[in-house]
Amino acid sequence: MNINIAVLPGDGIGPEIIEQALKVTEAVCNKFGHTLSYRKGLVGACAIDATGNPYPDETHALCMESDAVLFGAVGDLRYDNNPNAKVRPEQGLLAMRKKLGLYANIRPVTTFKSLIEKSPLRRDIVEGTDFMCIRELTGGLYFGRPQGRSEDGNTAYDTCVYTREEVERIVKLAYEYAMKRRKKVTVVDKANVLATSRLWREVAKEIAAQYPQIETEFMFVDNAAMRLIQWPSSFDVMVTENMFGDILTDEGSVITGSLGLLPSASVGVHTSLFEPIHGSWPQAAGKNIANPLATILSAAMMFEYSFGLMEEGRLIREAVDASMDANICTADIQSQGAEPYGTKEVGEWIVNYINNK
Ligand code: IPM
Ligand code: MN
């Protein structure tokens, strides 16, 4: 098969972790006889530096011409504490999601046996956790207008907007995933306060009626935040709006032991995109200490979701598990007393595992 992808390293640790995921992708293509072709593009602060635009037209054209996008992270310290910056790296990511029509962000949260001790939660709470958060990605507070400041600068506003169509398509997707899993959907909202949440609940109830085999549970977001650390294994598929999903998946990621482990797939109208859920961690850029596993696991999702190549994805997961069992881990997940490995060394170990398989 021809695997034709766009590679967008982005900022901070993006280039280092993408390099490892790309090496792994190449190794898998060699192993299974696929032809890999890729082109690199700019997004984020590096794109602003080069072109003034955090998501240049050229990058968009590249994504549209590719079968999948492998993406690192965006963000830069020069912008984080600068409220006056006119363009921000994050706008590149948001523009990319919007222009590619990536309305669904799929974030699986699973536990790794060898890492259970790393979780801030007790073993008996964490064990058996395996759920999927489906986060709406192109609506809500992130994109609603108006957004801005009053003339005197003393009032600021964001707007949360959702249409019936936007809610329908994402909730349907959640039910379709639940059909292939343990047949339970948790709809997370704040319907006791927000009008948009009441629309979500209304629409979700209509869709739930079309899936009688599936158990539906409605949960307020504050309660969901609590339940997530109290009883994470009670979730199967969770579906929620953009901002709630952003927050809950960061919370979900530490259940597994590290933010550095969670991959994601963003799917929708045009080319799908695969990215780790963690950010650009600019403080670690170039230090060879970032965990590449979330990005490598995102590449596994790419094989499975964009190309239907399940064996290829499975081999990557097996290699990642093996690396952790062999204690070839970056500092964030390395066991106490053991020497941590670098980003590159973890990537190389996984490539070798695949080659020797
Ligand atoms: C994420 C990130 C982004 C988001 C930022 C970088 C805009 O936190 O992918 O979760 O909030 O969506
Ligand atoms: Mn986030």
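Relative accessible area was classed as buried under 20%, exposed over 50% and partly exposed in between (1.4 Å probe, protein chains only). The structure described here is a predicted model, in which local features need pLDDT of at least 70 and side-chain atom pairs count only at pLDDT 80 or more, whereas totals for chains, interfaces and linings use all residues. Residues are numbered from 1 along each chain as its sequence is written, and side-chain values use heavy atoms, with hydrogens and water left out.

The protein is divided into domain 1 (1-99 + 271-357) and domain 2 (101-268), with bounds that come from an automatic or database domain assignment. A distance of 23 Å separates the C-alpha centres of domain 1 and domain 2. At the interface, 26 residues of domain 1 are in contact (heavy atoms within 4.5 Å) with 29 residues of domain 2. About 2400 Å² is buried between domain 1 and domain 2, of which 63% is on carbon and sulfur atoms; buried area here is the accessible area (1.4 Å probe) that two parts lose on being put together, summed over both. The number of salt bridges between domain 1 and domain 2 is zero.

Side chains of opposite charge can pair when their charged atoms come close. A salt bridge was assigned where a side-chain nitrogen of Lys or Arg is within 4 Å of a carboxyl oxygen of Asp or Glu, and the structure holds 24 salt bridges. Helices (H or I, at least four residues) and strands (E, at least two) are DSSP runs, numbered from the N terminus. In one salt bridge, the closest N and O atoms of arginine 39 and glutamate 65 are 2.8 Å apart. Arginine 39 belongs to strand β2 (residues 35-40) and glutamate 65 to helix α3 (residues 57-65), so the pair ties together parts that are 26 residues apart in sequence. Arginine 39 is partly exposed at 48% relative accessibility, and glutamate 65 is partly exposed at 48%. Aspartate 49 forms a salt bridge with arginine 78, with 2.9 Å between the closest N and O atoms. Because aspartate 49 lies in helix α2 (residues 45-51) and arginine 78 in helix α4 (residues 77-80), this pair ties together parts 29 residues apart in sequence.

A salt bridge also joins the side chains of glutamate 217 and lysine 184 (3.6 Å, N to O). This pair links distant parts of the chain, with glutamate 217 in strand β9 (residues 215-220) and lysine 184 in strand β8 (residues 184-189), 33 residues apart. Glutamate 217 is buried at 15% relative accessibility, and lysine 184 is buried at 13%. Asp130, Arg181, Arg182 and Asp236 are joined into one network by salt bridges that share partners.

Four aromatic pairs were found in a search of the whole structure. Rings of Phe, Tyr and Trp (its six-membered ring) pair if their centres lie within 6.5 Å; planes under 30 degrees apart count as stacked, over 60 as edge-to-face and the rest as tilted. The ring centres of tryptophan 349 and tyrosine 353 are 5.8 Å apart and their planes lie at 25°, so the pair is stacked. Both residues are in helix α13 (residues 343-356), four residues apart, about one turn of the helix. Tryptophan 349 is partly exposed, with a relative accessible area of 26%, and tyrosine 353 is partly exposed at 22%.

The charged end of lysine 180 sits over the ring of tyrosine 177, 4.8 Å from its centre; this assignment requires NZ of Lys or CZ of Arg within 6 Å of the ring centre and within 35 degrees of the ring normal.

Technical notes. Chains lettered and ligands numbered in written order.
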